[in-house]
Amino acid sequence: MKMNMLPEGFRPFVKADDYLKYPRKSIPIVYAQNQGPKLQTSIKEIFDILGIKDGMTLSFHHHLRNGDEVLNMVMREIQARNLKNITLAPSSLFPNQRLMCELIENGNVTRIYTNYLNGDIGKTICQGKMKDLLIMDTHGGRSYAIESGDIKIDVAFIATPCCDQEGNGHGKIGPSACGSLGYAIPDMLYAKRKVAVTDYLVPSVEDPEIQGRYIDYVLKVDKLGEQSGIVSGTTKITRDPIGLKIASDTAKLLDKLGLIENGFSMQTGAGGTTLAVAKYVRDLMIKKGVKAKFACGGITGYFVQMLEEGLIEDLYDVQCFDLEAVRSIGVNSNHHAISAFEYANPYEENARANQLDFVILGATEIDLDFNVNVTTTSHGLVIGGSGGHADTAHGAKVSIIVTPLIKTRIPIIKERVTTITTPGEDIDILVTEQGIAINPLRQDLLSKLQNSKLKIYTIEELYKKALAMTGVPSPLKRSEDVVGLVRYRDQTVIDFLYRI
Amino acid sequence: MSRSYLFIPANRPGMMQSAACFSADAVIFDLEDSVAITEKDSARILLQEFLTANTFDYEVVVRINSLDQNDGILDLETIVGPKVDAIMLPKATVENVQKLAYRLANFEKARKINKEIAIIPLVETAIGVLEVEEIVCLDRVKGILLGAEDLTSDMEIERNKTGEEITYPRARIAFACHAAKVEAIDTPFTDVNDDEGLVADALRARKLGMTGKSAIHPNQIPVINEIYAPSEKQIAQALRIVEAASIHQGVFSLDGNMIDKPIIDRSEKIISKAKRYDLL
């Protein structure tokens, strides 16, 4: 495949709300086909019973993040059977799943749909070692891709930290408790066959997130993974002065825009600087006597603290980023688990992402048209992915990118980003330590900031400021061999990933 | 007058580039203690290039090495120019401040620098404390910085966070500086992770008459700026007093309190500070 040649069956991105011209498509929900006993204790038996074979599509959620062993267990069985041309559809992939590199190189795994990818798997794919494509969706986009049948899952392996023999379960308790299982819900509803994998079998489960009527088998294993691995490495508030400066200015900006008022809603995600924004927002809320209606997305202990302090009414949690969030979701009735549909499905009118007043997001690159890259490095190596980036940037009333102007001597602002993850029309504001740029599409925001003491520049001015410090980086020559696609939340292709 | 003075090592280009972001009223580019002896040459060249290439919206101070050493002389030769607002002199005494003033005058003349570069003597020895009343009266001195770490070492006394051991030098410096109408700049608080300790330390120094404080980490700047700036309440009251004074002659009463010239003068100082710090 060569550059700008869309593979058959894929459509190009037009604009952010273009999909609304088309009606919502939903394949029928799939109930459990197995009406007999569900409990199994061997992955081999599951493969035999379900007839897992060459060419099938298997899916996983990533709520155990870098502690997940379920995907590795399935990979080992695929390797042992030497199955070929398997497509995987995990909601994200982490460094501890590097075993997959061998399966990719051996032709066992030939296509991957995911939303975020970090570690050696990205290197292997970017080196052109996978036969077919890597397809990077958004979290909300994945839910619709599964609902609409764009991604057809043959078997979903759903890690379920607490489960009964009927397949009712949740992630709130158990040795591998990980909290919300929101990203597994599309798989549970629409995969042809479903296996709940658990290491904590209980007689019955109240208020299950994973419902037995959809589950064909329950696979009891010794261990789902390492619970400590679910903690993102970036759930602590930064002490870096640049990060704190950015966060402090962001909070001032939010206040100036009138976004910190009673009943507001927010998402800040994990990451040292975005968490620092939450800290400054909290300080501001206390000073002003303001309470938020809700926070959503990936939830950290810091939001839990704000919930317990009465500063936030409700948390809508699609994934827990740390163990404090896991604890809270099990005991606090205002801390709700939500599905990927409720979070960010593009066709869910009342998705939480669409109700956000503001979202704070990161960027590895941003360009003069405000397009953002969170998928690759400037060399094109896949190191991340949208997750909910494009979903919340589109849904929130105000989307704000927070990033240092320069990272490791390279300006973050480019004329053109290496890879578009989120289109510029969905990005409203860039906050750096050297100043703030507002997307000219948002004249309403610019007019609100007219008399502000904040340092407001055009993005071109910030770009020049960066170049004055770093000089102009030499352009990188890239290959034209496409190894993957980046899809917008409506499954249209917004950019290509190239072999490096 | 500056509330906050941020030390930045002059051999750290990333930090130097970011210095403008941290809202410090003044930045002290350090060529002395934070630069290893093997890096002195490269640091002063880097600083000279940095000063030449940039413009600044903060006060630029350079801490040089002792003039008793060759490095101090080389520092001056390399970095004295129109972008430098003040030179900070370590282990200040009457004698070495006078020597520095003489050298600066010569540089300004030779290099056609159309401004007078100020001096901030760093009082960090027992003799410096004793001479401070004379030092503040010397030409070019715009303020005194207390260096508590070296001072307590010189005095062979233990340094601690509560700072009882530096009450006397703080007070002596504050009195001398106020008498000479120059700045009294407090020593840095060295535990950069103790936010509460910083607040307590800055408040203690302010109560003794210090007018600003130095910082060794950018995260300390917001706290220092807040503590050494007039509060919203003080500014509002000062504005009321000055407005009332424009109507009344001599002593008058406001809210049942007598307002006389010292109170009006103080209110004018508060308003002046508020304007300078962009609080009005």
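Reader: Which residue takes a positive phi in the hairpin of strand 25 of chain A and strand 26 of chain A?

Author: Q491(A) does, with a phi near 75°. Five residues lie between the two strands of that hairpin. Keep in mind that this is a predicted model.

Reader: What makes strand 25 and strand 26 of chain A a pair?

Author: Pairing needs at least two bridges between the strands. Strand 25 (residues 482–487) and strand 26 (residues 493–498) of chain A have five bridges, so they count as paired. They run antiparallel. R487(A) stands opposite V493(A) in strand 26 of chain A.

Reader: How do you know that strand 3 and strand 4 of chain A pair, and in which sense?

Author: Three bridges join strand 3 (residues 86–90) to strand 4 (residues 109–114) of chain A, and the cut-off is at least two, so they pair. The sense is parallel. L88(A) stands opposite I112(A) in strand 4 of chain A.

Reader: Why is the pairing in the 10-strand sheet of chain A called mixed?

Author: Strands of a sheet can pair either parallel or antiparallel. Strand 3 and strand 4 of chain A are parallel. Strand 25 and strand 26 of chain A are antiparallel. The sheet has the order 1-10-9-6-2-3-4-5-25-26 in chain A, and its pairing is mixed.

Reader: What makes a strand of this sheet an edge strand, and which ones are they?

Author: An edge strand pairs on one side only. In chain A these are strand 1 (39–40) and strand 26. The sheet is open.

Reader: Turn to chain B. How do you know that helix 2 of chain B has close to the expected span?

Author: Helix 2 (residues 40–53) of chain B has 14 residues. At 1.5 Å a residue, 20 Å is expected. From first C-alpha to last, the helix reaches 20 Å.

Reader: What makes residues of helix 2 of chain B buried?

Author: A buried residue has 20 or more other C-beta atoms within 10 Å of its own. K40(B), A43(B), R44(B), L47(B) and L51(B) are buried, so each meets that cut-off.

Reader: Which residues of helix 5 of chain B are buried?

Author: In helix 5 (residues 126–135) of chain B they are G128(B), V129(B), E131(B), V132(B) and I135(B). Their packing partners in chain B include helix 4 (94–110), strand 5 (118–123) and helix 7 (167–180).

Reader: How many residues are in contact between chain A and chain B?

Author: Nine residues of chain A are in contact with eight residues of chain B. Helix 7 (residues 241–256) of chain A gives the largest share of chain A's side, four residues. By class, that side has four nonpolar, one polar and four charged residues.

Note on methods: Residues are numbered from 1 along each chain as its sequence is written. Chains are lettered from A and ligands numbered from 1 in the order in which they are written. This is a predicted model: local features need pLDDT of at least 70, side-chain atom pairs count only at pLDDT 80 or more; totals for chains, interfaces and linings use all residues. Two residues are in contact if their C-beta atoms, placed from the backbone, lie within 7 Å. Ala, Val, Leu, Ile, Met, Phe, Trp, Tyr, Cys and Pro count as nonpolar, Asp, Glu, Lys and Arg as charged, and the others, Gly among them, as polar. The expected span of a helix is 1.5 Å times one less than its number of residues. A residue is buried if 20 or more other C-beta atoms lie within 10 Å of its own, exposed if 12 or fewer, and partly exposed in between; C-beta atoms are placed from the backbone.
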